[in-house]
Amino acid sequence: MNLLGISGSLRKQSLNTLLLQAAARVAQDEGASLQRQAIGDLPLYNGDLDGDDPPAQVKALKAAIGDADGLVIVSPEYNYGIPGVLKNALDWASRPGYQSVLAGKPTVIMSASMSIIGGARMQAHLKNVLGGTLTPVYPAPEFLLGTAHKAFDDDGRLVDEDTRKRLHRHLSGFLAWADSLAEA
Ligand SMILES: Cc1cc2nc3c(=O)[nH]c(=O)nc-3n(C[C@H](O)[C@H](O)[C@H](O)COP(=O)(O)O)c2cc1C
């Protein structure tokens, strides 16, 4: 299974991007691959630019999502919701409405935060947004990584054993679920 990963944070030292990188290693252990898709260079959504010949970055985003068997979205919570950069990417990818590359694409959501809440409100918001794009979201208790700054070592590797086990469980469950959707 080929997965596409999107981080909702553009920061070089992003905890969410580190979690996505850890997810890529776990996916590999599970016999899947996970490639990261950059979203920081997308223009702001503008209907005048959208159509048969959208900007190159948008074409690349849509092609990558279209080719993937599933999406892994890992994002921080900004002001109780999803970051604008992530919403912008999803808005571009969501066209044409209800028939876009996001429609029917199995997706798993995760979040990392320095707070103990771990981005729970962002996940609720993101599920709502993905409802508008007909994107099925892995129906399992949320994968939340609170106090995330303590889970990684100086090289950015996930060293917290409990989190590693939870991540394995969550991703293997997601892969099995995505597989079952593909077979249905
Ligand atoms: C604009 C902004 C808004 C934020 N709002 C929230 C919030 O509502 N809830 C929360 O738990 N953390 C909030 N944070 C803290 C981020 O979740 C935290 O900085 C996180 O580490 C950012 O993710 P990153 O490390 O992947 O960049 C906010 C940070 C920023 C920059």
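I began with helix H2 (residues 56-67) and helix H3 (residues 84-93), which pack at an angle of about 80° with their axes 9 Å apart. The model is predicted; local features need pLDDT of at least 70, side-chain atom pairs count only at pLDDT 80 or more, and totals for chains, interfaces and linings use all residues. Residues are numbered from 1 along each chain as its sequence is written, and side-chain values use heavy atoms, without hydrogens or water.

**Helix pair.** I checked the terms. Helices (H or I, at least four residues) and strands (E, at least two) are DSSP runs, numbered from the N terminus. Axes are lines fitted to C-alpha atoms, for helices over the stretch in contact, and angles run from 0 to 180 degrees between N-to-C directions. H2 and H3 are therefore roughly perpendicular to each other (65 to 115 degrees; under 35 is roughly parallel, over 145 roughly antiparallel, the rest oblique). Which residues in H2 meet H3? I found Val58, Leu61, Lys62 and Ile65 in H2 against Ala89, Trp92 and Ala93 in H3 (contact means heavy atoms within 4.5 Å). The residues of this contact are six nonpolar, no polar and one charged. Here Ala, Val, Leu, Ile, Met, Phe, Trp, Tyr, Cys and Pro count as nonpolar, Asp, Glu, Lys and Arg as charged, and the others, Gly among them, as polar.

**Loops.** I then looked up backbone details. The peptide bond from Arg95 to Pro96 is cis, with omega near -5°. Pro96 sits in the loop between H3 and S4. Asn79 has a positive phi, near 50°, and is not glycine. I placed Asn79 in the loop between strand S3 (70-74) and H3.

**Rings.** How many aromatic pairs does the structure hold? I noted four. In one of them, the rings of Phe174 and Trp177 have centres 6.0 Å apart and planes at 40°, so the pair is tilted. (Rings of Phe, Tyr and Trp, its six-membered ring, pair if their centres lie within 6.5 Å; planes under 30 degrees apart are stacked, over 60 edge-to-face, the rest tilted.) Phe174 and Trp177 are three residues apart in helix H5 (residues 161-183), and therefore separated by about one helical turn.

**Pocket.** The largest pocket has a volume of about 220 Å³. On a 1 Å grid over the protein atoms alone, a pocket is an open set of points with protein on both sides within 12 Å along at least five of seven lines; lining residues have an atom within 4 Å of a point. I found 15 lining residues, with Asn16, Pro76, Ala112, Ser113 and Met114 nearest the centre. The lining divides into six nonpolar, six polar and three charged. Points are joined across faces, edges and corners, and a volume is the space filled by probe spheres set on them.

Conventions:
On a 1 Å grid over the protein atoms alone, a cavity is a set of points where a 1.4 Å probe fits but cannot get out, and a pocket is an open set with protein on both sides within 12 Å along at least five of seven lines; lining residues have an atom within 4 Å of a point.
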